[in-house]
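Here is a short briefing to read alongside the model.

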Amino acid sequence: MHLWSTPPIVNGFIVLITFFHHTHSSLPHYDSHEWNWLRGALATADRDYGVLNYFFHNIADTHVMHHLFSSIPHYHAIEAIKAIKPVLGEYYQYDGTPIYKAMWRDFKECIYVEKDKESQRKRGL
């Protein structure tokens, strides 16, 4: 069995990638009343894992593109992200923080969405 295919390692990386790409404090967070597909797709950030990008099939360094165009195969992800960065402009998010610092920061500053009074009122809660 190949080291990278063992379930605990693969599952650990899936959790790590999901955590890093969706909890950064600069990303917008929406409750169910505010959320729509495009807002949700853009509420993620790209991150460079160096040589691990190869093993992750570029899902981490092209994560924004993956959310917008999930049917693009990983072997076209790099050229696709290069094409959409200029179009997204300020809506493109990238976090270059070293992993050990990002992990500490994101665990410490993790954001979650609480329903506000206006959202509860509109939904009749």
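On helix H6, the face turned away from the buried side carries the exposed residues Tyr100, Trp104, Phe107 and Lys108. Please keep in mind that this is a predicted model. Its protein chain has seven helices and zero strands, and along the sequence the pattern reads α-α-α-α-α-α-α.

**Helix H6**

- H6 spans residues 99-109, and its buried residues are Ala102, Arg105 and Asp106.
- Viewed down the axis of H6, these buried residues fall within an arc of 95°, so they line one face of the helix.
- What do the buried residues of H6 pack against? Their partner is H1, the helix covering residues 7-22.

**Helix H5**

- H5 runs over residues 77-88, which makes twelve residues. From its first C-alpha to its last it reaches 16 Å, close to the 16 Å expected at 1.5 Å a residue.
- Which residues of H5 are buried? They are Ala77, Ala80, Ile81, Ile84 and Leu88.
- Those residues cover an arc of only 95° around the axis, which means that they sit on the same side of H5.
- The other side of H5 holds the exposed residues Glu79, Lys82, Ala83 and Pro86.
- The packing partners for the buried residues of H5 are H2 and helix H4 (63-68).
- Just after H5 comes Gly89, which takes a positive phi of about 55°.

- As background, most residues other than glycine have a negative phi.
- His57 is not a glycine, yet it has a positive phi of about 55°. His57 belongs to the loop between helix H3 (52-55) and H4.
- Asn58 is not a glycine either, and its phi is positive at about 60°. The loop between H3 and H4 is also where Asn58 is found.
- Is Asn58 buried or exposed? Asn58 counts as buried because its relative accessibility is 16%, and the cut-off for buried is under 20%.
- His57 has a relative accessibility of 45%, so it counts as partly exposed.

**A nonpolar surface patch**

- Trp35, Trp37 and Leu38 form a nonpolar patch on the surface. Together they have about 370 Å² of accessible area.
- Where does Trp35 lie? Trp35 is in the loop between helix H1 (7-22) and helix H2 (37-42).
- With a relative accessible area of 48%, Trp35 is partly exposed.

**The chain as a whole**

- The protein chain has 125 residues, and 32% of them count as buried.
- Among contacts in the protein chain with a separation of 6 or more, 55% come from residues 24 or more positions apart.

Key: Residues numbered from 1 in each chain as written. Predicted model: local features only at pLDDT ≥ 70, side-chain atom pairs only at ≥ 80, totals over all residues. Heavy atoms only, no water. Patch = residues over 30% accessible without salt bridge, like charges linked within 9 Å, V, L, I, M, F, W, Y side chains within 5 Å. Areas by Shrake-Rupley, 256 points an atom, 1.4 Å probe, with all protein chains shown as cover. Salt bridge = Lys/Arg side-chain N within 4 Å of Asp/Glu carboxyl O. Helix = DSSP H or I, 4+ residues; strand = E, 2+ residues; numbered from the N terminus. Buried < 20%, exposed > 50% of the residue type's maximum accessible area, 1.4 Å probe, protein only. Expected span 1.5 Å × (residues − 1). Arc of directions from axis to C-beta. Contact = heavy atoms within 4.5 Å.
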